[in-house]
Amino acid sequence: MSASLPEVQTLFQDRLLTGRADIEAHLTSGGPFLKVYDHAYVARLLDVMGEDFPAVHTLLGDDEFADAAAAYVRGHPSQARSVRWLGTDFAAWLGETAPWSNLPVLADMAAFEWGLGLAFDAPDARTLGVDALAGVPPEAWPVLGFDFHPALNTAALAHDVAPFQQAVANDRDPEAAPEAPPDGPQTWAFWRDGETCQVRYRVLNADEAAGLALLRAGGDFQALCETLADAGGGDAAALRAAGYLRGWVEAGWITGLSAPGLSWA
């Protein structure tokens with residue numbers, strides 16, 4: 001019994017994604033030219049990986065990057081309609097999979113490049129101005145929650161990969177390999193500037209990173225103050241929290257405010 005067109009299309013997709021040979025029974029002479037499609041599909045995926053991770057490519061060199069990308073693609077076949085998301089797990093995979101896990105800088109570089117990409121093409125959203133903070137009534141501050149811009153994302157990195165990545169992005173030879181900061185891993189923030197649409201990034205202080213993570217997870221302003229106090233802020237914790245909050249608003253990171261049971265114009 002011959003298969004319908006939708007069935008053949010599904011079988012063809014299964015062939016590309018998993019290597020299953022079921023479709024061969026429905027093709028003349030078993031489809032002698034199927035390998036052309038096999039090669040073209042994988043080659044395109046490897047091109048996508050190279051476009052998304054050029055600095056990782058530079059660190060590894062052509063042959064090693066091709067080996068790493070091919071191994072990753074085999075273990076993480078594209079699941080989304082867009083290949084934009086093919087590299088979602090690449091940083092974690094590099095950090096877990098030998099021999100690439102023996103070079104932790106690779107995972108950090110991949111995480112950095114992925115963070116830039118997420119900030120670049122995230123959906124847009126209207127951001128708040130500092131005047132929005134001035135309009136918050138005193139009774140709302142302790143339970144005040146925050147909505148963050150979709151472009152904002154963070155990554156904890158053990159190497160300062162930014163100079164190397166920027167050199168590659170600007171077609172310059174990197175001056176040196178990325179190094180580990182003397183004070184240990186750092187949290188980096190990535191976002192898109194609302195006026196210029198350029199992607200920005202910077203290192204966060206340890207307590208700022210902890211406070212930001214708390215708020216993004218649904219914590220409120222009072223919890224932020226308590227977190228900063230526990231980190232050594234003491235009586236100045238509220239002022240530090242307000243300072244961080246103002247900076248986040250000015251950077252365009254915050255899109256909304258809310259307080260359970262309260263509302264204001």
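## A first look at this predicted protein

Pro99 is partly exposed, with 45% relative accessible area. Keep in mind from the start that this is a predicted model. The protein has eleven helices and five strands, and 37% of its 265 residues are buried. The points below start with Pro99 and then move on to the rest of the structure.

**Backbone features to look for**

- You can find Pro99 in the loop that runs between α5 (90-96) and α6 (104-121).
- Pro99 and Ala68 are 31 residues apart along the chain, and 9.2 Å separates their C-alpha atoms.
- Asp171 is not a glycine, yet its phi is positive, at about 60°.
- The loop between α8 (162-169) and β3 (186-192) holds Asp171, and this residue counts as exposed because its relative accessibility is 74%, over the 50% cut-off.
- Cys197 also has a positive phi without being a glycine, with a value near 65°.
- Look for Cys197 in the loop between β3 and β4 (199-204), where a relative accessibility of 49% makes it partly exposed.

**The sheet and a helix across it**

- Strands of a sheet pair through backbone hydrogen bonds, either parallel or antiparallel.
- In this protein, three strands build an open sheet in the order β2-β3-β4, with antiparallel pairing.
- β2 (153-157) and β4 are the edge strands, and each of them pairs on one side only.
- From one strand to the next, the twist averages 25°.
- Five bridges link β2 and β3 in the antiparallel sense.
- To see strands facing each other, find Ala156, which stands opposite Thr187 in β3.
- Helix α6 lies across β2, β3 and β4, and runs at about 25° to β3.

**Salt bridges**

- Arg84 is buried at 17% relative accessible area, whereas Asp121 is partly exposed at 36%.
- Arg202 forms a salt bridge with Glu208, and their closest N and O atoms are 2.6 Å apart.
- Arg202 is partly exposed, with a relative accessible area of 30%, but Glu208 is buried at 4%.
- The side chains of Arg240 and Asp207 also meet in a salt bridge, at 1.7 Å from N to O.
- Arg240 lies in helix α11 (residues 237-250) and Asp207 in helix α9 (residues 206-216), so the pair ties together parts that are 33 residues apart in sequence.
- Arg240 is partly exposed at 28% relative accessible area, and Asp207 is buried at 13%.

**The protein as a whole**

- The accessible surface comes to about 14800 Å², and carbon and sulfur atoms account for 53% of it.
- Take the contacts between residues at least 6 apart in sequence: 64% of these join residues at least 24 apart.

Notes. Residues numbered from 1 in each chain as written. Predicted model: local features only at pLDDT ≥ 70, side-chain atom pairs only at ≥ 80, totals over all residues. Heavy atoms only, no water. Helix = DSSP H or I, 4+ residues; strand = E, 2+ residues; numbered from the N terminus. Buried < 20%, exposed > 50% of the residue type's maximum accessible area, 1.4 Å probe, protein only. Contact = heavy atoms within 4.5 Å. Areas by Shrake-Rupley, 256 points an atom, 1.4 Å probe, with all protein chains shown as cover. Pairing = 2+ DSSP bridges. Axes fitted to C-alpha atoms, helices over the stretch in contact; angles between N-to-C directions. Salt bridge = Lys/Arg side-chain N within 4 Å of Asp/Glu carboxyl O.
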